[in-house]
Amino acid sequence: MPSNRAPSRLTLWLPLLVGGLVLARPARAAEPERVSYALIIANNAGLDPKQAPLRYADDDGARYYELFAPQARETVLLSVLDAETQARHPGLAAHTQPPTRAAVKESLARLSARMKEDKAAGKVPVLYFIFTGHGQRGAAGEGSVSLLDGPFTRTDLYTQVLSPSPASFIHLIVDACDSYFFVNSRGALPVGPAQKVAVAQLLASRELDKFPQVGVVLSTSSAQESHEWSAISAGVFSHQVRSALAGAADVNGDGRVEYSELTAFIAAASQGVEDVRGRLDIFARPPALDRSAPLTDLSRHAAMGYLLVPEGLGGRMWVEDTRGVRVADFHKESQRPMVLALPPDRSYYLRSEGREARLTVPRAGAVVDGGSLSWSSSAVASRGSVEEAFRDKLFSVPFGPSFYSGYVASQGQTPVAMDDGPDLSP
């Protein structure tokens, strides 16, 4: 049954009563208030005639919007939603603008003004810059992403987004072909000797190292296509990121999802995919200023509802709402509990292979105990070889402390602090 007690935003991670169980977290030192802003750009169309239009970039944009809108002070969606997406997300089109260069510039200016006010008030503004759509790399090696009226290049990213932003932290999340080159330069540029000094100075001003407040999560590190999956009407990478940010990647149960947790979660989710067409290359790097900076901190978001998937309930599962929108996928170890943050005021299905359980998150702060749900039979169908690879192999590897510890050790990353897990005693 849902709890009437809202989660604390100050000292405890989700101190809530669920079926007589107490889930409490140790207190953290008082921190300045973090205020989030999200600029989401989603564009199905590409600028290269050789690139076929995407089907689900606009769906990804809509789902990012629904994830961030309850949590952020302001969420902006620049997208043209197709008929199917508008049907799944009624009313959302009225809150969108076309993804043009002018709209990006105007949105950044407005968000920057609000973030300056936050800084003056002693708060910590955090900007999420999210793109899902087509990307490409020009002859000179510079990457760009496609807006409706032209490319938004790496130079644009550094001069219009990173350099002028007053944000204390910026999280770049890009799901596009050649996205590595949208953020990073690689190799020599074909320029004449007289231009080398000027070009070197320009590249130095655009290097990611110059922006220690910026963290990056990119879908590919080479010239590979972004992957879409019709069974979930979404991009595979974007869906994995949203699943992680909803709480599925929170391996130590502190309510925070850090970069190492997100990358380990995506590695586990993708590990079983053997079809080369379904493989993802990921580039992720936390802000050098604070490598433990969270991508999200669910304990601060009382505007969300919560699903507790308790210890003893494990395996490959996913959450889908009654509109048919796939919210999150995960493969949970049964030895640990997990908490997912869900947009409130709607109903969902918790599903696994062959069975499902309906639940309702009636309001912000409400908590649903997944251990008390009633399950019934269900059937899921898909077609195609890549569809089979995604259906059978994505999320086939359990994610938990064991996988996480091995993964971060292999990557040389700094792990999050582990403990014995949440206290679930009465």
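1. A cavity, in the sense used here, is a set of points on a 1 Å grid over the protein atoms alone where a 1.4 Å probe fits but cannot get out, and its volume is the space filled by probe spheres set on the points, which are joined across faces, edges and corners. The model is predicted, so that local features need pLDDT of at least 70 and side-chain atom pairs count only at pLDDT 80 or more, while totals for chains, interfaces and linings use all residues. Residues are numbered from 1 along each chain as its sequence is written, and side-chain values use heavy atoms, with hydrogens and water left out.

2. A search of the whole structure gives five cavities of 30 Å³ or more, and the largest cavity holds about 140 Å³ of space. Its lining (residues with an atom within 4 Å of a point) comprises 13 residues, of which Arg63, Glu66, Leu67, Val327 and Pro343 are the closest to the centre. Helix 1 (57–68), helix 7 (236–248) and strand 19 each give two or more residues to this lining, with helix 1 providing the largest share, three residues. Helices (H or I, at least four residues) and strands (E, at least two) are DSSP runs, numbered from the N terminus.

3. By class, that lining has six nonpolar, no polar and seven charged residues, where Ala, Val, Leu, Ile, Met, Phe, Trp, Tyr, Cys and Pro count as nonpolar, Asp, Glu, Lys and Arg as charged, and the others, Gly among them, as polar.

4. The axes of helix 1 and helix 7, as lines fitted to C-alpha atoms over the stretch in contact, come within 11 Å and cross at roughly 10° on a scale from 0 to 180 degrees between N-to-C directions. Helix 1 is therefore roughly parallel to helix 7 (angles under 35 degrees). In their contact (heavy atoms within 4.5 Å), Asp60, Arg63, Tyr64, Leu67 and Phe68 of helix 1 meet Ser238, Val241, Arg242 and Leu245 of helix 7.

5. Helix 8 (residues 259–270) and helix 10 (residues 401–411) pack at an angle of about 105°, with their axes 9 Å apart, and are therefore roughly perpendicular (65 to 115 degrees). Their contact has seven nonpolar, two polar and one charged residues.

6. Strand 18 (residues 315–321) pairs with strand 19 over six bridges, and Val319 has Ala328 as its bridge partner in strand 19.

Notes: Pairing = 2+ DSSP bridges. 1 Å grid on protein atoms, 1.4 Å probe; cavity = no way out; pocket = protein on both sides within 12 Å on 5 of 7 lines; lining within 4 Å. Parallel < 35°, antiparallel > 145°, perpendicular 65-115°, else oblique.
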